[in-house]
Amino acid sequence: MPIPDFIVDLRRKIGTDPLSLAGVTAVVVRDGQVLLGRRSDNGWLTPITGIVDPGEEPADAAVRETAEEAGVVCRVEHLAWVHQIPRIVYANGDQADYLDLTFRCAWVSGDPYPVDGEMTEVGWYDPTALPEMNADMRRRVDAALSASGPARFEGGA
């Protein structure tokens, strides 16, 4: 998966030190089914995810990532969940802390297919019979499917 240019530029300055980034998860729903893809880097079945570019609105990032990764046009319905992902240390030593913003999105058009190589397959899944998934990714799907009111936030007093 290509590293965004702005992260490459930052890494030149900070090396492998922790980098705080905003990420998005787009849980796209169509006729009661959810869009999921199999990641090419680790084989996990996940909703669409990605990094928010500098100056980009997070909801716009969710729409952009869905088009880039799955060839599907969607619109954001609402923010479902905000949570901090535990620090990730990549094989090259880079460290990243992601604040994830999970959005429930509605399908607008397009048949899913792996567009940019980040997914090996994409398709529609019945949320009542999902295959095995990473626990955090499953929580993102569940949050987007169950939330109709204010977004859920982790932590706080």
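Guide: Welcome! A salt bridge is a side-chain nitrogen of Lys or Arg within 4 Å of a carboxyl oxygen of Asp or Glu. The structure holds 13 salt bridges. This is a predicted model, where local features need pLDDT of at least 70, side-chain atom pairs count only at pLDDT 80 or more, and totals for chains, interfaces and linings use all residues. Residues are numbered from 1 along each chain as its sequence is written, and side-chain values use heavy atoms, with hydrogens and water left out.

Visitor: What makes Asp41 and Arg39 a salt bridge?

Guide: Their closest N and O atoms are 2.7 Å apart, and the cut-off is within 4 Å, so the pair qualifies.

Visitor: Why is Asp41 called partly exposed?

Guide: Buried means under 20% relative accessible area, exposed over 50%, and partly exposed in between (1.4 Å probe, protein chains only). Asp41 has 48% relative accessibility, so Asp41 counts as partly exposed.

Visitor: Which salt bridges does Arg64 form with Glu65 and Glu68?

Guide: Arg64 meets Glu65 at 3.1 Å, N to O, and Arg64 meets Glu68 at 3.1 Å, N to O, too. Arg64 and Glu65 are both buried, while Glu68, at 32%, is partly exposed.

Visitor: How many residues apart are Arg64 and Glu68 in helix α2?

Guide: They are four residues apart in helix α2 (residues 58–70), which means about one helical turn separates them. Helices here are DSSP runs (H or I, at least four residues), numbered from the N terminus. Salt bridges with shared partners join Asp53, Glu56, Arg64, Glu65 and Glu68 into one network.

Technical notes:
Helix = DSSP H or I, 4+ residues; strand = E, 2+ residues; numbered from the N terminus.
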